[in-house]
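Try each task before reading its solution.

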Amino acid sequence: MTIEFDGRPVPAEPSQSVGAALWSAGIRSWRTTRIGGAPRGIFCGIGACFDCLAIIDGKPGQRACLAAARPGTVVSSGLGGAPGSARPATPPARSKAFAAASEARARSEAPNRSGALAAARHDVAVVGAGPAGLAAAATAALAGCRVVLLDSAPAPGGQFWRHREGEAGNHGYRDWSVFSGLRSIVEERVDYIAGATVWFAGAERAPTSQPGFALHTAAGRFEAERLVLATGAYDRALPFPGWDLPGVVTPGAAQALLKGSGVALGREVVVAGAGPFLLPVAVALADAGIRVVGVYEAGDPGGYLSRPGTLATAAAKLGEAAGYAAALARHRVPYRVRRIVVAAHGTGSVSGVDIARLDRHGQLVPGSIERVRCDAVAVGYGFTANLELALSLGCSTRVGADGGLAVMVNADGQTSVPGLFAAGEVTGVGGALLAVAEGELAGAAAARVVATEPALSRRELAALRRRGARLREFAEAMHGAHTVPAGWTAWLEETTIVCRCEDVTYGRIVQAVTDLGASDARTVKLLARPGMGWCQGRVCGFATANVTAMLCGRAVRPADLAAFAHRPLAAPVPLGDLAQG
Ligand SMILES: Cc1cc2nc3c(=O)[nH]c(=O)nc-3n(C[C@H](O)[C@H](O)[C@H](O)COP(=O)(O)OP(=O)(O)OC[C@H]3O[C@@H](n4cnc5c(N)ncnc54)[C@H](O)[C@@H]3O)c2cc1C
Ligand code: FES
């Protein structure tokens with residue numbers, strides 16, 4: 001099929017995203033930033049960063065990485081010409097024929113089933129249909145609860161089991177049988193609503209005066225006695241000179257393009273950052289025939305050996321890592337540790353990166369920089385939890401072993417708010433298997449009051465809790481081996497962009513602290529505007545909080561991180577929906 005981009009035809013495949021179709025056609029950027037006029041295209045690939053905004057079928061501010069390409073979809077950069085141009089956007093006029101076509105499409109896509117479901121009150125609502133949310137919904141439903149499962153994505157599976165719409169087979173995904181089992185329970189017993197982003201969640205009192213929760217989505221308002229948040233995470237990025245060049249993306253974006261749309265990130269790709277997630281990304285790219293120039297890991301997997309007891313209980317994880325190592329060797333992809341991307345170069349799009357060595361303390365080794373040629377880079381340092389809904393409902397948080405903020409829960413996923421549970425990456429990054437275990441525990445706990453029968457026997461519960469604790473311990477060892485390098489701020493230059501949305505440079509943050517006297521991240525945000533753009537600090541929050549702490553000569557505080565995680569609305573919402581909500 002064909003879509004239209006700035007008046008020219010672009011080929012697209014069914015179930016590809018608009019962003020993936022543009023990327024596949026070699027279009028790397030289609031908007032410019034508000035202040036600096038810098039080109040932006042795909043960066044996070046999963047809807048967190050807002051870099052890929054476009055005018056789609058006449059609607060401005062659409063995330064091209066989330067929007068499905070359909071025959072006749074009309075995409076405009078709003079630049080009135082060449083993508084990457086620095087001219088500010090003026091939305092093009094809609095032709096009458098185009099307006100009629102897109103309105104007809106909007107009518108045919110209007111939520112159908114969800115209208116009636118939204119009116120009914122459920123026992124348990126689950127937000128997020130990734131490994132944790134699917135497990136929670138299935139467990140609560142098997143206990144006899146009436147469950148609604150709401151998810152932004154067009155298909156269940158979350159980030160781990162991301163697949164193309166309508167795809168049913170295995171396609172080499174890990175633990176696909178677990179997914180198939182959960183999906184069939186959900187299909188049979190759960191009111192599952194795809195494409196339903198919850199933009200606001202509130203604690204409410206129902207007519208029965210039972211405490212409950214109300215969830216606002218474009219598909220309507222849903223109420224439930226109990227709520228499980230399984231909203232997952234997105235890649236954590238650190239700034240470096242040139243990281244905003246088109247072609248520099250997160251590993252999650254590389255994965256989403258490939259798994260979700262069958263599109264290759266580039267021809268010669270560098271995979272870098274920290275964490276075991278770099279391995280499946282590099283292997284998936286290499287398996288797809290892309291030349292992976294190298295995997296550059298900032299941490300040191302030797303760090304796992306400092307916790308031999310934990311390793312002994314994680315035979316499956318070791319087997320998985322060995323499988324990836326063998327695949328990299330087969331594809332002749334070098335895996336180099338204590339290496340870091342310190343700069344990206346290129347005109348219009350990335351054409352090479354500088355890789356430097358790190359010493360045992362995470363500091364740059366002087367004179368160790370080497371230039372590596374590539375046409376795309378996937379770089380990320382673990383994940384940041386999607387906390388908006390949890391924070392707006394008042395959940396207490398903690399700083400996890402990876403230095404990020406996470407929802408505080410007990411062993412069964414109970415948060416500090418009665419009736420509200422959380423599971424998966426939102427409670428601390430630990431991988432899909434841990435997310436499933438936590439989802440089952442949270443689903444069982446949420447069902448306990450309202451269910452007709454216990455979701456799990458005492459023995460099953462005890463075994464699940466032990467399994468969850470073991471996997472969480474392994475996750476902590478993992479974070480110890482793949483930390484954000486202590487010296488990462490050394491490669492920032494005065495002109496390095498820290499906030500991609502608002503073009504805030506490192507120099508402006510230094511100025512806010514040293515000249516204007518800011519001593520916490522919130523004040524830096526108010527004075528220099530990092531975190532005030534489209535993504536509301538999702539991308540620049542961790543970096544700004546840490547840079548602020550470093551400039552103030554102290555460790556980062558939870559309040560610094562929280563300054564960028566509180567968002568009254570979890571997603572952009574049209575004024576009409578807001579008025580109705
Ligand atoms: C981009 C990306 C790719 C990844 N790929 C891999 C991989 O290949 N292999 C691997 O081992 N690990 C991978 N991971 C790590 C992986 O996320 C976890 O191990 C696992 O998926 C966590 O499960 P989860 O259920 O906690 O969260 P997720 O799988 O992230 O699921 C969360 C779900 O919540 C939905 N959601 C979030 N906010 C809202 C809202 N407001 N309203 C409605 N829905 C919402 C999201 O759409 C998503 O479907 C990836 C992570 C990311 C970010
Ligand atoms: S990067 Fe989006 S607000 Fe800073």
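Two residues are in contact when heavy atoms of theirs lie within 4.5 Å. The model used here is predicted.

**Exercise 1. Find where Arg538 sits, decide whether Arg538 is buried or exposed, and list what Arg538 is in contact with.**

Step 1. Locate the residue. Arg538 lies in the loop that runs between helix H14 (521–528) and helix H15 (541–551).

Step 2. Apply the cut-off. A residue is buried when its relative accessible area is under 20%. Arg538 has a relative accessibility of 9%, so Arg538 counts as buried.

Step 3. Look for a polar partner. A polar atom of the Arg538 side chain is 3.0 Å from the backbone oxygen of Cys535.

Step 4. List the contacts, setting aside neighbours within four places in sequence. Arg538 then touches Ala48, Phe50, Tyr234, Glu388, Arg567 and Ala570.

**Exercise 2. Describe the surroundings of ligand 1.**

Step 1. Count the shell. Ligand 1 is surrounded by 34 residues, and the closest are Asp151, Arg174, Val198, Gln255 and Glu425.

Step 2. Sort the shell by class. The shell holds 17 nonpolar, 12 polar and 5 charged residues.

Step 3. Assign the shell to domains. Domain 2 (114–234 + 384–456) and domain 3 (238–381) each supply at least three residues.

Step 4. Find polar atom pairs. An oxygen atom of ligand 1 lies 2.9 Å from a backbone N or O atom of Ala132. A nitrogen atom of ligand 1 is 3.0 Å from a polar side-chain atom of Ser152. In the side chain of Lys259, an N or O atom lies 3.1 Å from an oxygen atom of the ligand.

Step 5. Work out the cover. Ligand 1 taken alone exposes 970 Å², and 92% of that is buried by the protein.

Step 6. Name the elements that give two or more residues to the shell. They are helix H4 (131–142), strand E14 (233–235), helix H6 (251–261) and helix H11 (432–450).

**Exercise 3. State how many residues of helix H7 are buried, and what covers them.**

Step 1. Count. Helix H7 (residues 278–287) has 10 residues, of which 8 are buried, so the helix is largely enclosed by the rest of the structure.

Step 2. Name the buried residues. They are Leu278, Leu279, Pro280, Val281, Ala282, Val283, Leu285 and Ala286.

Step 3. Identify the cover. It includes H6, helix H9 (315–330) and several strands, among them E16 (268–274), E17 (291–297) and E22 (376–381).

Step 4. Check what comes after the helix. H7 is followed by Gly289, which has a positive phi, near 90 degrees.

Conventions:
Residues are numbered from 1 along each chain as its sequence is written. Chains are lettered from A and ligands numbered from 1 in the order in which they are written. This is a predicted model: local features need pLDDT of at least 70, side-chain atom pairs count only at pLDDT 80 or more; totals for chains, interfaces and linings use all residues. Side-chain values use heavy atoms; hydrogens and water are left out. A residue is near a molecule or strand if one of its heavy atoms lies within 4 Å of it. A polar contact is a pair of N or O atoms within 3.5 Å; within protein, one must be able to donate a hydrogen and the other to accept it, and residues adjacent in sequence count only if both atoms are side-chain atoms. Accessible areas come from the Shrake-Rupley method with a 1.4 Å probe; for residues, only the protein chains shown count as cover. Helices (H or I, at least four residues) and strands (E, at least two) are DSSP runs, numbered from the N terminus. Ala, Val, Leu, Ile, Met, Phe, Trp, Tyr, Cys and Pro count as nonpolar, Asp, Glu, Lys and Arg as charged, and the others, Gly among them, as polar. Domain bounds come from an automatic or database domain assignment. Buried means under 20% relative accessible area, exposed over 50%, partly exposed in between (1.4 Å probe, protein chains only).
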